[in-house]
Amino acid sequence: MEEKVKALQHEVESFLVKSKEDLENFRLKFISKKGQLMSLFDDLKLASVEEKKKLGKTLNDLKQLAENRFKSLQESIENTTSSDRETKDLSLPVVPNKTGNLHPLNLTRYRIIEIFERLGFNVSDGPEIEDDWHNFTALNFPENHPAREMQDTFFVEKPARPEGGNPDVLLRTHTSNVQVRLMKNQKPPIRSIMPGRVYRNEAISARAHCFFHQVEGLYIDKNVGFSDLKQTLYHFAKEMFGKDTKIRLRPSYFPFTEPSAEIDISCLICHGEGCNVCKYSGWVEIAGSGMVHPNVLRNGGIDPEEFTGFAFGMGIERITMLRYSINDLRLFSENDVRFLRQFKSVV
Ligand code: PHE
């Protein structure tokens, strides 16, 4: 019996394990209840008291040895097989690199800039915190115009009005403030677009927000006419929404343009059939526009007898919603990556 134990010990120590199958064989032979080691324990029950004393401990040690060896073999087999897979399986797909992407409003802004740059427009910028003069007065807003009222405008400072002037500081309600600054700083010809953020004191809903984005356009030169305005915006609509897009001009009113027109495009969703995006009219408004009012030219230091010009202002949110069929304005500012990630490859 002693010899049997020695032989088995030798086997436990030298048993070669290179794979999971070898490991399973090791377990069956030395660990499982029906294995060789356990049958030695059965033999021991029949042995003499003396032999029991002598071999009992040796067998227990051997059992311990087998279990320890099994554990360490198991660990090393698991490690080598998984690291083998890592180094050897070249067919595994590459883990995609998660880079950021442009916000849909920026994608639209860049596209608008691209279209107008090809027509010779440059890009200008102006302040979001503005004074009353640039946002209202110079743009020919009458003193009592409702847009100046508290419910539309966020005022930053509203000091008492000194004689002859209104020093209110406010968040600009439109990008038209940049028009005035351009006229003051540049001589015609002026051909510029002015993208930026604007603020209005409106209740937040799917269709309105207290801040949004506009692109202002201004073209001042000798002999600029209404037909130039119309053709420029028609070209823009076709470039932006596709060559079959139609435009419609509706008479409108802005204090700073005369005549003024609202620009509609044919509905991209229903193609004129009528749907809830176009409120069953077949047309969707995208911009306000008109010929620059002589008073505004004068306020900007430009002689209205010598120069004329057109201006327009369009909402970037509205255009983006039409472009990508988005039905809720709030999505743009909620920063939900599940929404934002969808615009990765669309430029
Ligand atoms: N500023 C106007 C608005 O915010 C749009 C506009 C710009 C209209 C330029 C005419 C000319 O609604």
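Start by selecting Ile115: skipping neighbours within four places in sequence, Ile115 is in contact (heavy atoms within 4.5 Å) with His235, Phe236, Glu239 and Met240. Before going on, note that this is a predicted model, in which local features need pLDDT of at least 70 and side-chain atom pairs count only at pLDDT 80 or more, while totals for chains, interfaces and linings use all residues. Residues are numbered from 1 along each chain as its sequence is written, and side-chain values use heavy atoms, with hydrogens and water left out.

Stay on Ile115 for a moment. Ile115 sits in helix α5; helices here are DSSP runs of H or I with at least four residues, strands are runs of E with at least two, and both are numbered from the N terminus. Is Ile115 buried or exposed? Ile115 is buried, at a relative accessible area of 2%, where buried means under 20%, exposed over 50%, and partly exposed in between (1.4 Å probe, protein chains only). Now pick Leu90 too: Leu90 and Ile115 are 25 residues apart in sequence and 45 Å apart in space, C-alpha to C-alpha.

Next, click Phe236. Leaving aside neighbours within four places in sequence, Phe236 touches Ile112, Ile115, Phe116, Ile286, Met314 and Ile319.

Time to colour the core. A nonpolar core is a set of buried Ala, Val, Leu, Ile, Met, Phe, Trp, Tyr and Cys residues joined through side-chain atoms within 4.5 Å. The largest one has 42 residues, and Ile112, Phe116, Phe236, Phe310 and Met314 have the most contacts inside it. Elements supplying at least two residues each to this core include α5 (104-118), α8 (226-241) and β10 (308-315). For a second, separate core of 22 residues, select Phe136, Ala147, Val180 and Ile302, which are among its members.

Last stop: the ligand. Show the polar contacts, pairs of N or O atoms within 3.5 Å:

- His174: a side-chain N or O atom is 3.0 Å from a ligand nitrogen.
- Ser176: a polar side-chain atom lies 3.0 Å from a ligand nitrogen.
- Arg200: a side-chain N or O atom is 2.9 Å from a ligand oxygen.

Conventions. A polar contact is a pair of N or O atoms within 3.5 Å; within protein, one must be able to donate a hydrogen and the other to accept it, and residues adjacent in sequence count only if both atoms are side-chain atoms.
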